[in-house]
Amino acid sequence: MADRVALVTGASRGIGLAIAQRLVHDGWRVCITARNAEPLAAAAEQLGGPERAITVPGKGDDEAHHADAVARTVTTFGRLDLLVNNTGINPVYGPLLGQDPAAVRKVFDVNFFGTLNMIRQAHGQWLGAHGGAIVNVSSISGLQPAEGLGAYAVSKAALIHLTRQLAIELAPGIRVNAVAPAVVETAFARRLFAGQEEELRKRYPLGRLGTPDDVAGAVAYLASPEAAWVTGQTIVLDGGISQTAHL
Ligand SMILES: NC(=O)c1ccc[n+]([C@@H]2O[C@H](COP(=O)([O-])OP(=O)(O)OC[C@H]3O[C@@H](n4cnc5c(N)ncnc54)[C@H](OP(=O)(O)O)[C@@H]3O)[C@@H](O)[C@H]2O)c1
């Protein structure tokens, strides 16, 4: 995949960083984003420095940031082949109707509208004329309701349908797919597994929680020519847990 260029959002740590690492390993150059500039710069250094990785710090719900991230990717590397919408937040837990409406709106602003606008920018500035691929990072909670995940789960369900809708609207030039992981051991999900790792592992038919590399492998596949006839799909990455009664 030499010369290919990807923009990966939310990639200073966790799943996004693993995706960027896997792409760089496969020969891609990457632009990575996140809010905090320092850890983002450290991640880019880890990825091989400015030859392989550039950074554009900014907020996932800031439309000017989306335009800037795409523009700087294209200006620096001369092209854009893949957009990975990985940024996602889940600031509120509990029943949906008990959640503060402003917090629900914030979840949608980042998880859904942030993704939609990033796609709009990538399409307008490069992909619409040149083709490419998009991968949205959803969640198993977007397919199956999960207690306490309220607004987050509904926003991730919206991403799955956005993926299907845009797959038909943007074909044949642009393939649009998604991944839907269950619990992956990152800072983001700590609240879901901290202190109960052993008990949780036993509930997964494959005997463990997910790793960021599990997700990165699926994204690398969806970005590759191996997936040239795949669009509108959501790959579930869950160690088999959705085949059992309890999520
Ligand atoms: N971990 C799981 O179990 C799991 C399961 C299913 C789906 N997912 C999805 O996977 C994606 C990545 O999650 P993760 O577990 O890797 O999380 P993580 O380890 O917390 O990493 C999140 C990344 O996104 C950035 N970020 C967070 N909030 C942001 C915002 N408002 N605007 C811009 N950037 C922001 C963070 O950097 P800054 O803090 O510096 O901004 C960081 O780089 C999310 O969409 C999440 O919903 C995760």
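The side chain of Asn 177 has a polar atom 3.2 Å from the backbone nitrogen of Gly 232, a polar contact (N or O atoms within 3.5 Å, one able to donate a hydrogen and the other to accept it; residues adjacent in sequence count only if both atoms are side-chain atoms). This is a predicted model, where local features need pLDDT of at least 70, side-chain atom pairs count only at pLDDT 80 or more, and totals for chains, interfaces and linings use all residues. Numbering runs from 1 along each chain as its sequence is written, and side-chain values use heavy atoms, leaving out hydrogens and water.

Asn 177 sits in strand E6 (residues 174-181). Its contacts (heavy atoms within 4.5 Å) beyond four places in sequence include Ile 134, Asn 136, Thr 163 and Leu 222.

Here's how two residues compare; buried means under 20% relative accessible area, exposed over 50%, partly exposed in between (1.4 Å probe, protein chains only).

| Residue | Relative accessibility | Class |
|---|---|---|
| Asn 177 | 1% | buried |
| Leu 96 | 37% | partly exposed |

Leu 96 is in the loop between strand E4 (82-85) and helix H4 (101-130).

Now the cores: buried Ala, Val, Leu, Ile, Met, Phe, Trp, Tyr and Cys residues joined through side-chain atoms within 4.5 Å. The largest nonpolar core has 34 residues, with Val 8, Ile 19 and Leu 23 among those with the most contacts inside it. Helix H1 (14-25) is one of the elements giving two or more residues to this core, and H1 supplies the largest share, 7 residues. Another core, of 25 residues, lies apart from it and includes Phe 112 and Leu 170.

Technical notes
Helix = DSSP H or I, 4+ residues; strand = E, 2+ residues; numbered from the N terminus.
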